[in-house]
Amino acid sequence: MKSKKILSLGLAASMVFTMTGCGSDSGKDIADSSNKEVPAINQIKAGEDYKDIKADITILTDRTDIVDTVYKGYAEEFMKIYPDIKVTYEGITDYAESVTLRLTNGDWGDICFIPNSVEKSEFSNYFIPLGDHSVLNNVYNFVTEKTYDGKVYGIPNGGTAGGIAYNKKIWKEAGITDDEGNVKLPTTPDEFIDDLKLINDKTKAIPLYTNFSAGWTMSAWNDYVGIASNGDPDYKNNKLLHQKEPFKKNEENSGPYAVFYTLYEAVKQKLVEEDPASSDWEASKGMINNGEIATMVLGSWCVNQFKEAGSHPEDIGYMPFPITVGGKRAASSSGQYAFAVNNKASADNQIASMLYIKWLIEESTIYDDEGSIPALKGKDLPDSLSEFEGVELLSDNAPAEGEESLYDDIRNTAEVLSGDYPVVEVLEAALYGKKTLDELMKEWNDKWTSAQESYSVEITG
């Protein structure tokens, strides 16, 4: 628990965990389309206010595995407090694609997780603002990610740290241990690749499972281009946008190049599943639990799912991404899918939705159940991050004023760091020997430069 306390202090410093602003009347009332006043979420006291409200609300979720069990249980607990508010969950398998389509016709219920396909500039087309960023940023973590023009449109379903899930037993069987018999965690991409080689030689486990066929799992690699690759919370939303050729290799083997080098080398050296196209996301959870898989690159949200997928939860660990910059390591912390409220819903349904969101993120057991970083500031970090001692946990700083959507604009125009396809390019280049990594990264730099020019971006570094 020592490392848990250290991390809590680190987060307190870098994310300003306070409770100021809660219940503040500085949040402005937000009106819906019927002109009935809907309060900002910080003005609502869940369990006390609006006890006479009547509404039926529907919530869309990607968690099809627990929608009829755990999530149904949350709804039932809430309905004990608000018996006149009926809460129904709808689980969606192909969540991102389906919800993106449903948003356009307004037929998606009352609460959803904002799909990553929705750009910040489009938030107001679908969702109501939940309050002012200047207020809610003092109450909840990660709201900057779903803020546009000073308004918060989504509050995250907890947060996740960027790292790598692994099976401790397999890593120990491969002899990757320190003098005390604990797993010796890699600190550079080359150390990580060397460890995968040992796993390949000394165990029967798949060293690194890419989960290629699921698609979205590959896009997780994009998340390490920011803080994990360089330790700079300003990098992703600010410096990267103005940097010349950001995917170029450097002497320290850090930065964006190092992230994709790690994947490229693992695939090239056949340290991944034999046929990535036949990988299976649901099956992989049990496979890493029972030692058939040694390692998977995903956010820390996956840890509890892997622990619950078999009879060996004690074997699941979570390590920082192996990049060191100037002798120091850092990891990013960011929000998971964020709750948002339909701007086409009635005022009563919008208020009921806010009540449920506030109760869920402040009063329920959701963060303990999922092992995620709480959205409410001031709460302890999950035990899944116990191996991050000595690693600074940071969140990306907000974009400069006037550049709130520039990151999305450039990456989507360049078709780099956008979704899973660019990462798939890396895998296929290594798997089939189509291109060297340097050749591919040069193509990415050219696309990035072209996108910068199309938005008249000043190059400053």
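This is a predicted model: local features need pLDDT of at least 70, side-chain atom pairs count only at pLDDT 80 or more; totals for chains, interfaces and linings use all residues.

User: Does Asp149 count as buried or exposed?

Analyst: The cut-off for exposed is over 50% relative accessible area. Asp149 has 66% relative accessibility, so it counts as exposed.

User: In which segment is Ser456 found?

Analyst: Ser456 is not a glycine, although its phi is positive, about 55°. It is exposed, with a relative accessible area of 66%. Ser456 is found in the segment after α17 (437-454).

User: Which residue just after α10 takes a positive phi?

Analyst: Helix α10 covers residues 255-268. Just after α10, a positive phi of about 55° is taken by Lys270.

User: How far does α10 reach from its first C-alpha to its last?

Analyst: Helix α10 has 14 residues. At 1.5 Å a residue, 20 Å is expected. The reach in the model is close to that, at 20 Å.

User: How many of the 14 residues of α10 are buried?

Analyst: Buried means under 20% relative accessible area. Helix α10 is largely enclosed by the rest of the structure, because the number of its 14 residues that are buried is 13.

User: How is α7 oriented to α10?

Analyst: Helix α7 (residues 189-202) packs against α10 with the axes 10 Å apart and an angle of about 20°. Angles under 35 degrees count as roughly parallel. So α7 is to α10 roughly parallel.

User: Which residues of α7 and α10 make the contact?

Analyst: Helix α7 passes α10 in a right-handed crossing. From α10 come Ala258, Tyr261, Thr262, Glu265 and Ala266. From α7 come Pro189, Asp190, Phe192, Ile193 and Leu196.

User: How do the residues of the contact of α7 with α10 divide?

Analyst: Tyr261 of α10 is one of the residues in this contact, and Tyr counts as nonpolar. By class, the contact of α7 with α10 has two charged, one polar and seven nonpolar residues.

User: At what angle do α10 and α16 pack?

Analyst: Helix α16 spans residues 421-432. Its axis and that of α10 are 8 Å apart. The crossing of α10 past α16 is right-handed. The packing angle of α10 and α16 is about 35°.

User: How are α9 and α15 oriented to each other?

Analyst: Helix α9 (residues 235-242) and helix α15 (residues 406-414) have axes 9 Å apart. They pack at an angle of about 55°, and their crossing is left-handed. The two helices are therefore, to each other, oblique.

User: Which residues in α15 do those in α9 meet?

Analyst: The α9 side has Lys236, Asn237, Leu240 and Leu241. Together the two sides divide into five nonpolar, one polar and one charged. The α15 residues are Leu406, Tyr407 and Ile410.

User: Does Ile92 count as buried or exposed?

Analyst: The place of Ile92 is in the loop between β4 (85-91) and α3 (95-103). Beyond its neighbours up to four places away in sequence, Ile92 touches Leu60, Thr61, Asp62, Thr64, Ser98, Val99 and Arg102. At 6% relative accessibility, Ile92 counts as buried.

User: How many Å apart in space are Leu393 and Thr160, C-alpha to C-alpha?

Analyst: Leu393 lies in strand β16 (residues 392-394). With 3% relative accessibility, Leu393 counts as buried. In sequence, Leu393 and Thr160 are 233 residues apart. In space, C-alpha to C-alpha, they are apart by 11 Å.

User: Which residues does Asn349 touch, not counting those up to four places away in sequence?

Analyst: Asn349 sits in helix α13 (residues 347-362). It is buried, with a relative accessible area of 14%. With residues up to four places away in sequence left out, Asn349 touches Ala55, Asp56, Ile57 and Asp110.

Definitions and conventions: Residues are numbered from 1 along each chain as its sequence is written. Side-chain values use heavy atoms; hydrogens and water are left out. Axes are lines fitted to C-alpha atoms, for helices over the stretch in contact, and angles run from 0 to 180 degrees between N-to-C directions. Helices (H or I, at least four residues) and strands (E, at least two) are DSSP runs, numbered from the N terminus. Angles under 35 degrees count as roughly parallel, over 145 as roughly antiparallel, 65 to 115 as roughly perpendicular and the rest as oblique. A crossing is left-handed if the near helix is turned anticlockwise from the far one by less than a right angle, and right-handed if clockwise. Contact means heavy atoms within 4.5 Å. The expected span of a helix is 1.5 Å times one less than its number of residues. Buried means under 20% relative accessible area, exposed over 50%, partly exposed in between (1.4 Å probe, protein chains only).
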